[in-house]
Amino acid sequence: MAQPNLEQLLEAGVHFGHQTRRWNPKMRRFIFAERNGIHIIDLQKTLRQLELAQKLARDVILRGDNVLFVCTKRQLVNIVKSEAERCGAMYVTERWLGGLLTNFQTVKKQVRRLKELEAGSEAGGDFENYTKKEQLMMSRQRDKLSKNLAGIKNLTRLPGLMFVIDSKKERIAVNEANKLSIPLIALVDTNADPDLITVPIAGNDDAIRSVELMTKSIADAIVEARREAPVREEVEEAESYTYSSDRGAEPEEGDKRRKRRPRRRRAKPEAIAARLKTGGEEGGGSEEPAEQEQEG
């Protein structure tokens, strides 16, 4: 796997941390020194963590799962999106919708609706059968859904790994992944909590060149693993889960299979008439001897 060296990390400014007054004491083990009120990150440990992150991403791809890239910083959106598309991963770059993972069943319905709207807006689609006002309303709904869900349109099940830029800013995504026990790789600065991340990569999460270098390294590992991984068809989960603070992860109520009662068959009129006729004949036969006895 291609991995950057120390010189490339220095040129990209990966070693620059936050101001010392904004640091998180849990990042102490990744800090090398302090210069002019700014923490300097130990790049040897950064390289070691990056190697572990690449190995984890490779194992997830070979297992057949997908990777989700998460970054909502305006100046970094284009970088993360292009790298995710290059390696065939999913991405969230606009806004993290609350419950995207813990309420995945509802998100899948929205994704399905987005696909229907996109299919209807194509040439020869169903939109031509609607009025102009209805077409305008559906196109607006399509644009709104596409803005937030375009990167996960092909995500049919929960991802096997998440790669996050700035775990402190994306704390909602990190919390949801931890609740569902989804492994996390994150580029963490000196003001973040590394204990929430499976494989934290200490580095500058604000500089464009730093994020580009780290994202490219993870994407390269995914591309290399996809060449070796067998091709598998994407199958939707048979059972979706939602997270409850009281009961934990549990199946969606809508997905629980309800036992259907056996269907009652309605009797045909001919069968009912035959049944009544048979009953009448039996009753008539039993009444005749009684009448004879009375006459006698």
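This is a predicted model: local features need pLDDT of at least 70, side-chain atom pairs count only at pLDDT 80 or more; totals for chains, interfaces and linings use all residues.

Colleague: Thanks! How many salt bridges does the structure hold?

Modeller: Side chains of opposite charge can pair when their charged atoms come close. Here the structure holds 16 salt bridges. One of them joins Arg86 and Asp220, with the closest N and O atoms 2.8 Å apart. Because Arg86 sits in helix H3 and Asp220 in helix H7, the pair ties together parts that are 134 residues apart in sequence. Arg86 is partly exposed, at 40% relative accessible area, while Asp220 counts as buried, at 18%.

Colleague: Which residue forms a salt bridge with Asp65?

Modeller: That is Arg157, with 3.7 Å between the closest N and O atoms. This pair links distant parts of the chain: Asp65 is in the loop between helix H2 and strand S4, and Arg157 is in the loop between helix H5 and strand S6. Arg157 is partly exposed, at 29%.

Colleague: Which residues are linked in a network of salt bridges?

Modeller: Lys73, Asp166, Asp205 and Asp206 make up such a network.

Colleague: And which residues gather in the patch of positive charge on the surface?

Modeller: Look for Arg21, Arg22, Arg74, Lys168, Lys169 and Arg171. Of these, Arg171 lies in helix H6 and is exposed, at 54% relative accessibility.

How values were computed
Residues are numbered from 1 along each chain as its sequence is written. Side-chain values use heavy atoms; hydrogens and water are left out. Patches are made of residues with over 30% relative accessible area and no salt bridge: like charges are joined within 9 Å, nonpolar side chains (Val, Leu, Ile, Met, Phe, Trp, Tyr) within 5 Å. Accessible areas come from the Shrake-Rupley method with a 1.4 Å probe; for residues, only the protein chains shown count as cover. A salt bridge is a side-chain nitrogen of Lys or Arg within 4 Å of a carboxyl oxygen of Asp or Glu. Lys and Arg count as positive and Asp and Glu as negative; His and the chain ends are not counted. The place of a charge is taken as NZ of Lys, CZ of Arg, CG of Asp or CD of Glu. Helices (H or I, at least four residues) and strands (E, at least two) are DSSP runs, numbered from the N terminus. Buried means under 20% relative accessible area, exposed over 50%, partly exposed in between (1.4 Å probe, protein chains only).
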